[in-house]
Amino acid sequence: MSITTALKARREQLRDREAGFTLIELLVVVIIIGILAAIAIPVYLGVQNSAKDASATNDLANAKVAINAAYSAKNSWTDLSTTAATNTTAFKDYGWTTPTDTTLSGPVDASNPAKGSSTSWCLKEVSGSGKSVYITQATAAVVAPATLPTGCQ
């Protein structure tokens, strides 16, 4: 009887040991989660910054359309350069206003429209990721170019 009692006690001990995870098993799981987070977080931040740059690019593309519409309506760059240099909301009647969500895009610098010639202007916006985005009469919006487009300073 003592042998069966000893075997029964040993079986109960084995069952109790298998009830939880060991410290090594828990550490392995934590390390795996840490590795996955180290991979995923930079990718997420990169996508977030790309979205902020795309938002600034779209803002400037809309501004370009509004400026061209204003020029078509007024048929003069002179009036537009004076207006835009002092008030970027002057193009509200033509479908564009200064972006108000500064977390996605910063204020548009419209101090350069019509600078240099009667048909040359440059708009600059700092995106939420901190990159400068430029658009001119002749070019599409570019994010952080190596050289500034003609007409931009």
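Predicted model: local features only at pLDDT ≥ 70, side-chain atom pairs only at ≥ 80, totals over all residues.
Local features require pLDDT of at least 70 and side-chain atom pairs pLDDT 80 or more, while totals for chains, interfaces and linings use all residues. Residues are numbered from 1 along each chain as its sequence is written, and side-chain values use heavy atoms, without hydrogens and water.

Helices (H or I, at least four residues) and strands (E, at least two) are DSSP runs, numbered from the N terminus. Strands are paired if DSSP finds at least two bridges between them. β2 and β3 pair antiparallel over five bridges. Leu123 stands opposite Ile135 in β3. Four residues separate the strands of this hairpin, in which Gly130 has a positive phi near 95 degrees. β3 and β4 are also antiparallel, joined by two bridges. Here Tyr134 faces Val142 in β4. Five residues lie between β3 and β4 in their hairpin.

Five of the five β3 residues are buried (under 20% relative accessible area; exposed is over 50%, partly exposed in between; 1.4 Å probe, protein chains only). The strand is therefore largely enclosed by the rest of the structure. Ser132, Tyr134 and Thr136 point one way, Val133 and Ile135 the other.

The structure holds one salt bridge (a side-chain nitrogen of Lys or Arg within 4 Å of a carboxyl oxygen of Asp or Glu). Asp53 pairs with Lys131, with the closest N and O atoms 3.6 Å apart. Asp53 lies in helix α2 and Lys131 in the loop between β2 and β3, so the pair ties together parts 78 residues apart in sequence. Asp53 is buried at 8%; Lys131 is partly exposed at 38%.

Ala144 has a positive phi of about 45 degrees, although not a glycine. Ala144 lies in the segment after β4 and is partly exposed at 43%.
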